[in-house]
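Subject: A structure for you to explore

Hello,

Here is the structure I promised to pass on to you. Have a look around first, and then read my notes below with the model open beside them.

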Amino acid sequence: MQKAAFKFIGEHDFRNFCKMDAANVSNYKRYITDFNISACDQRSNHDELWSMNIRGSAFLWHQVRCMAAVLFFVGQGLESPCVVDSLLDITKTPRKPQYTMAPELPLILRSCLFDGVSFMCSSDANQALIEHLKDEHHQYMLQAAIFDEALTCLSIPEPNPLEYPKKKRKHIPLLSREAEPSYEERRARVKAKSANV
């Protein structure tokens, strides 16, 4: 995953890694300055928590979620890290393959920096945010404890040998999937709609 993540660094056309808005956006080039994946010190059952830290000059609509989704395919061994190169090459792949973007829940916007602008946070606002996050953390820990208790009350059913095992959905490689309309096709549709109005 880290090898694939490094491929995002630099200026690239990210139209295959966003939700395209052809009516309002004409430039899909963005500059990623840093992309690191690292382990956190948290575990849940057999799951280990990892962090993706991404820095860039600007981001497109759902760009981070789309990049993360493709990296998850790579991490599961379903795609090669080279798929990132193919998706960034809009002459080779002018139309975005259809795939589900990563969920928004774990995403955190940590900070924004702007040239010549400095943000200040009062100590009252900072304290209120700390209290809010502590309360949220407490509520989620309580919910987790309740679910854990509920799971201990349930008996695990014995497998029925007569039942057919559920089939796993076969992964279709990204570059073999149906693709969304290209930017040019979308622009033509927008122009045709405005001409008909």
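**Aromatic rings**

Phe8, Phe14, Phe17 and Phe35 come together as one aromatic cluster. Before you go further, please keep in mind that this is a predicted model.

In total, the structure holds six aromatic pairs. One of them is formed by Tyr28 and Tyr183, an edge-to-face pair with 5.6 Å from centre to centre and 65° between the planes.

Where do Tyr28 and Tyr183 lie in the chain? Tyr28 is in the loop between strand E1 (10–13) and strand E2 (29–44), while Tyr183 belongs to helix H5 (residues 183–196). The two are 155 residues apart, and the pair links distant parts of the chain. Both Tyr28 and Tyr183 are buried.

**Salt bridges**

How many salt bridges does the structure hold? There are six, and I picked out a few for you to find.

Start with Glu184 and Arg15, which form a salt bridge with their closest N and O atoms 3.7 Å apart. This pair also links distant parts of the chain: Glu184 sits in helix H5 and Arg15 in the loop between E1 and E2, 169 residues apart. Is Arg15 buried or exposed? Arg15 counts as buried because its relative accessibility is 9%, and the cut-off for buried is under 20%. Glu184 has a relative accessible area of 49%, so this residue is partly exposed. Asp13 joins in here too, as Asp13, Arg15 and Glu184 are linked in a network of salt bridges.

Next, look at Glu104 and Arg65, a salt bridge in which the closest N and O atoms are 3.4 Å apart. Glu104 lies in the loop between H3 and H4 and Arg65 in helix H2, so this pair ties together parts that are 39 residues apart in sequence. Arg65, at 14% relative accessibility, counts as buried.

A further salt bridge joins the side chains of Glu180 and Arg186, at 3.0 Å from N to O. Arg186 is buried as well, with a relative accessible area of 17%.

**Cysteines**

How many disulfides does a search of the whole structure find? The search finds zero. As a reminder, a disulfide is a covalent bond between the sulfur atoms of two cysteines. Cys121 is exposed, with a relative accessible area of 55%, whereas Cys82 is partly exposed at 44% relative accessibility.

**A patch on the surface**

Which residues make the nonpolar surface patch of about 340 Å²? They are Phe114, Val117 and Phe119. Val117 is found in the loop between helix H3 (82–88) and helix H4 (123–153). With a relative accessible area of 46%, Val117 is partly exposed.

**Loops worth a visit**

His62 is in the loop between strand E3 (47–56) and helix H2 (63–75). The phi of His62 is near 65°, a positive value in a residue other than glycine. For background, most residues other than glycine have a negative phi.

Ser57 is placed in the loop between E3 and H2, and is exposed with a relative accessible area of 58%. From Ser57 to Arg169 you count 112 residues in sequence, and their C-alpha atoms are 37 Å apart in space.

Leu78 lies in the loop between H2 and H3. At 35% relative accessibility, Leu78 counts as partly exposed. Leu78 and Gly56 are 22 residues apart along the chain, with 27 Å between their C-alpha atoms.

**What the record says**

An unreviewed UniProt entry carries the annotation "domain: Pseudouridine synthase I TruA alpha/beta" for residues 4–115. In the model, that span is 21% helix and 27% strand, and its end C-alpha atoms lie 30 Å apart.

Enjoy exploring, and do write back with your questions.

Best wishes

Technical notes. Residues are numbered from 1 along each chain as its sequence is written. This is a predicted model: local features need pLDDT of at least 70, side-chain atom pairs count only at pLDDT 80 or more; totals for chains, interfaces and linings use all residues. Side-chain values use heavy atoms; hydrogens and water are left out. A disulfide is a pair of cysteine sulfur atoms within 2.5 Å. Buried means under 20% relative accessible area, exposed over 50%, partly exposed in between (1.4 Å probe, protein chains only). Patches are made of residues with over 30% relative accessible area and no salt bridge: like charges are joined within 9 Å, nonpolar side chains (Val, Leu, Ile, Met, Phe, Trp, Tyr) within 5 Å. Accessible areas come from the Shrake-Rupley method with a 1.4 Å probe; for residues, only the protein chains shown count as cover. A salt bridge is a side-chain nitrogen of Lys or Arg within 4 Å of a carboxyl oxygen of Asp or Glu. Helices (H or I, at least four residues) and strands (E, at least two) are DSSP runs, numbered from the N terminus. UniProt positions are given in the numbering used here, feature names are shortened, and annotations may be inferred rather than shown by experiment. Rings of Phe, Tyr and Trp (its six-membered ring) pair if their centres lie within 6.5 Å; planes under 30 degrees apart count as stacked, over 60 as edge-to-face and the rest as tilted.
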